Amino acid sequence: MPDQLLFAMEVTLNGLMAGVMYSLVALGFVLIFKASGIFNYAQGVLALFAALTLVGFQDGQVPFAHLINAVFKTNLSTFGWHLPAIVAILLTAAVMVLLAIIIEKFVLKHLVNQPPIILFMATIGMAYFLEGLGDIMWGADIKKLDVGLPQGISETVESVTDSIFGYGFFIDNLDIVATVVAALLVLSLTLFSQYTKYGRALRAVADDHQAALSVGISLRFIWVLVWSIAGIVALVAGIMWGTKSGVQFSLSLIALKALPVLMLGGFTSIPGAIVGGLIIGVGEKLFEFTIGPMIGGATENWFAYVLALVFLVFRPQGLFGEKIIERV
Amino acid sequence: MFYREAGDFKTTYVEDSQTFPIKLDRWRYYAVLAIAFGVIPFLINDYWANAVFVPFLIYSIAAIGLNILVGYCGQVSLGTGGFMAVGAYACYKLMTAFPEVSILIHVLLAGGITAGVGLLFGLPSLRIKGFYLAVATLAAQFFLVWLFNKVPWFYNYSASGQISAPERTVLGHFVTGANTTASAKYLFCLVILVGLAWLARNLTRGTAGRKWMAIRDMDIAAEIIGVNPLTTKLSAFAISSFYIGVAGALFFSVYLGAVEVGEAFGIQKSFLILFMVIIGGLGSIFGSFAGAAFLVLLPVFLKNVLVGQFGWATDLAAHIELMIVGALIVIFLIAEPHGIAQLWKLAKEKLRLWPFPH
């Protein structure tokens with residue numbers, strides 16, 4: 001095979017892997033949107049907050065150390081312990097559940113029946129608040145996240161492809177792990193929503209709030225549940241992205257990258273989030289590879305949005321979304 | 001007690017439909033204008049101009065523009081930063097290409113060019129709505145910023161990739177460049193703001209504004225009663241972008257002087273102006289001023305208190321500011337979705353009756 005084609009294949013594969021990472025964030029969006037009709041802009045910041053908290057627990061940082069030091073003129077920094085990764089992850093998951101309860105109690109409860117755009121703006125406000133809170137709790141410096149996931153170039157893939165094509169593909173180990181994790185996540189979410197009591201309640205709420213209320217499903221409990229799940233999905237995304245590029249502010253911007261994924265896949269479809277992610281991932285990598293050099297590069301910043309924009313003009317509900325029906 | 005309307009008779013329709021029908025309101029408005037034009041320019045110094053007044057005036061223009069689109073026409077846009085960048089770069093290209101033309105004309109032309117770009121990115125609004133549209137406008141934000149970063153023609157092939165405003169004068173006074181005085185900057189922005197605010201106020205209470213509001217409240221119903229969604233939505237996009245473009249041009253040429261596009265006109269700017277509109281009050285010109293004043297003053301205030309008073313680190317103050325802004329957005333949306341403008345209106349109602357509420 002010609003080198004150019006092989007190279008394009010490698011780019012495509014890497015695009016698929018990058019797409020999986022986008023899908024991980026997009027999943028959280030879809031969950032919340034389906035269950036409550038809220039377009040949760042704060043999903044990316046949730047991922048950042050989860051990753052910051054995880055690193056904080058692992059390194060035994062004192063929460064709010066910076067603030068306490070400033071107020072009481074002390075000099076705190078760490079408790080001086082190192083928690084094993086699994087304990088820290090469980091603790092962080094607990095924090096995310098707590099956060100879901102707080103969000104429901106102080107924000108969502110008061111915004112029932114508001115138009116979707118007001119709720120959207122409220123989540124932007126929450127995103128700012130959480131970003132500030134995360135920085136104050138754990139400090140704003142770039143942190144390294146290491147929970148023992150494999151990193152670096154996968155030598156197996158390289159040697160296998162080398163023996164087949166005579167050209168070794170460079171695939172990041174972490175991307176392979178992310179793909180497996182995403183697959184597991186989607187599988188377990190599907191099983192949860194199809195075969196458990198709460199999963200069914202969740203789907204009922206997604207279908208019709210009022211009908212669900214009338215058969216005795218607690219809307220508030222379902223919201224806490226769904227925000228907790230979204231928080232844990234954010235934690236998974238935070239671990240993957242944090243391991244890949246360090247825990248820093250730019251992590252919250254992946255939320256913005258997940259938006260075109262959702263628009264492509266449809267806001268209400270979990271498979272849509274995956275397929276949309278893959279299309280965006282492959283599309284932007286191939287575009288950068290083929291057209292990018294001609295127009296100055298760094299097209300990854302906007303390609304996804306423009307693709308989604310063009311796509312929406314033709315199919316406003318996305319690939320797998322429910323058809324939008326409007327009545328006066 | 002205040003706002004006594006007894007004896008304030010209207011004998012013509014023109015009097016009845018004026019912007020400030022209550023006498024006290026009208027006189028206060030004249031007083032504010034008189035202070036803004038007659039007192040502040042003589043007292044202003046560089047710190048006050050750069051930290052408070054000039055950003056307030058420029059953000060007010062941008063907030064009015066965004067309020068026309070979001071508050072009056074109901075089309076949420078997250079591309080404000082990108083459109084401000086269009087205004088800034090258009091102004092820069094015009095300033096360097098036609099140095100003999102007055103900067104006032106350049107600023108307005110820059111607004112016109114931005115209106116054209118806004119029109120283009122407004123086209124999808126005919127097909128998609130709500131937050132789908134909000135996300136689609138992100139395409140404008142990222143694409144425009146990338147464009148101004150990557151195409152050297154826009155920044156005249158300068159080595160740094162920055163654009164910097166050449167010196168220009170209005171009526172013999174420098175308004176851009178290093179030799180400007182605080183009062184010249186202030187007055188230049190103030191004149192443009194007052195003109196544009198007057199225009200916006202009159203647009204929004206005329207046919208155009210009523211059509212926008214009909215589309216905002218329910219677009220299908222509006223279409224049925226004969227409002228053309230194409231021209232209405234696109235005119236909202238164009239006029240809103242005009243205001244935002246003018247704000248961008250002033251932000252670059254008068255306020256900052258030199259601009260790096262990603263830094264000055266990034267996504268954060270889009271959110272900042274959206275917050276001004278939400279906190280100030282959706283669908284209110286006064287709200288645009290209130291929101292801009294609030295979000296310009298809040299960081300200055302917090303910085304003075306936290307850093308100046310308590311001696312905390314600046315980054316800590318910045319994080320607390322983020323939290324406060326975020327919390328305020330949520331609180332405003334819960335308690336008063338119509339923002340400061342609505343609070344002001346309620347206060348006015350109370351004052352009409354005070355101190356005898358029955």
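Predicted model: local features only at pLDDT ≥ 70, side-chain atom pairs only at ≥ 80, totals over all residues.
Chain A is helical in its secondary structure, which comes to 13 helices and zero strands. Read along the sequence, the pattern of chain A is accordingly α-α-α-α-α-α-α-α-α-α-α-α-α. The radius of gyration of chain A is 21 Å, which agrees with the value near 20 Å that a compact globule of 328 residues would have. Taken along the principal axes, the box filled by the C-alpha atoms of chain A comes to roughly 60 × 60 × 40 Å. Of the 328 residues of chain A, 45% count as buried, and among the contacts in chain A with a separation of 6 or more, 73% are accounted for by residues 24 or more positions apart.

Chain B, for its part, has a secondary structure of 16 helices and four strands. A compact globule of 358 residues would have a radius of gyration near 21 Å, and the value for chain B, 21 Å, agrees with this. The C-alpha atoms of chain B fill a box of roughly 70 × 55 × 45 Å along the principal axes. Buried residues make up 47% of the 358 residues in chain B, while 75% of the contacts between residues at least 6 apart in sequence join residues that are at least 24 apart.

The contact between the two chains draws 40 residues from chain A and 36 residues from chain B. On the side of chain A that touches chain B, at least two residues each are supplied by helix 3 (65–72), helix 5 (116–138), helix 11 (254–265) and helix 13 (303–314) of chain A. Helix 5 of chain A gives the most to this side, with 17 residues. When the residues on the side of chain A that touches chain B are sorted by class, 31 are nonpolar, six are polar and three are charged.

Within chain A, one helix pair is formed by helix 2 (residues 43–59) and helix 10 (residues 219–245), whose axes come within 7 Å and cross at roughly 70°. Because an angle of 65 to 115 degrees counts as roughly perpendicular, helix 2 of chain A is described as roughly perpendicular to helix 10 of chain A. The crossing in which helix 2 of chain A passes helix 10 of chain A is right-handed. From helix 2 of chain A, the residues that take part are Gln43(A), Leu46(A), Ala47(A), Leu48(A), Ala50(A), Ala51(A) and Leu54(A), and these meet Ala230(A), Gly231(A), Ala234(A), Leu235(A), Ala237(A), Gly238(A), Ile239(A), Trp241(A) and Gly242(A) in helix 10 of chain A. By class, the contact of helix 2 of chain A with helix 10 of chain A has 12 nonpolar and four polar residues, with no charged residues.

In chain B, the axes of helix 14 (residues 285–309) and helix 15 (residues 314–335) come within 10 Å and cross at roughly 135°, which makes helix 14 of chain B oblique to helix 15 of chain B. Helix 14 of chain B likewise passes helix 15 of chain B in a right-handed crossing. Helix 14 of chain B contributes Leu298(B), Pro299(B), Leu302(B), Lys303(B), Leu306(B) and Val307(B) to the contact, and helix 15 of chain B contributes Thr314(B), Ala317(B), Ile320(B) and Glu321(B). Sorted by class, the contact of helix 14 of chain B with helix 15 of chain B has seven nonpolar, one polar and two charged residues.

Leaving aside neighbours within four places in sequence, Ala273(A) is in contact with Ser23(A), Ala26(A), Leu27(A), Val30(A), Val261(A), Leu262(A) and Gly265(A). Ala273(A) and Thr156(A), by contrast, are 117 residues apart in sequence and 29 Å apart in space, C-alpha to C-alpha.

The C-alpha atoms of Gly245(B) and Met95(B) are 15 Å apart in space, with the two residues 150 residues apart in sequence.

Conventions: Residues numbered from 1 in each chain as written. Chains lettered and ligands numbered in written order. Rg over C-alpha atoms; globule rule 2.2 N^0.38 Å. Buried ≥ 20, exposed ≤ 12 C-beta atoms within 10 Å, placed from the backbone. Contact = placed C-beta atoms within 7 Å. Nonpolar A, V, L, I, M, F, W, Y, C, P; charged D, E, K, R; others polar. Axes fitted to C-alpha atoms, helices over the stretch in contact; angles between N-to-C directions. Parallel < 35°, antiparallel > 145°, perpendicular 65-115°, else oblique. Left-handed = near helix turned anticlockwise from the far one by under 90°.
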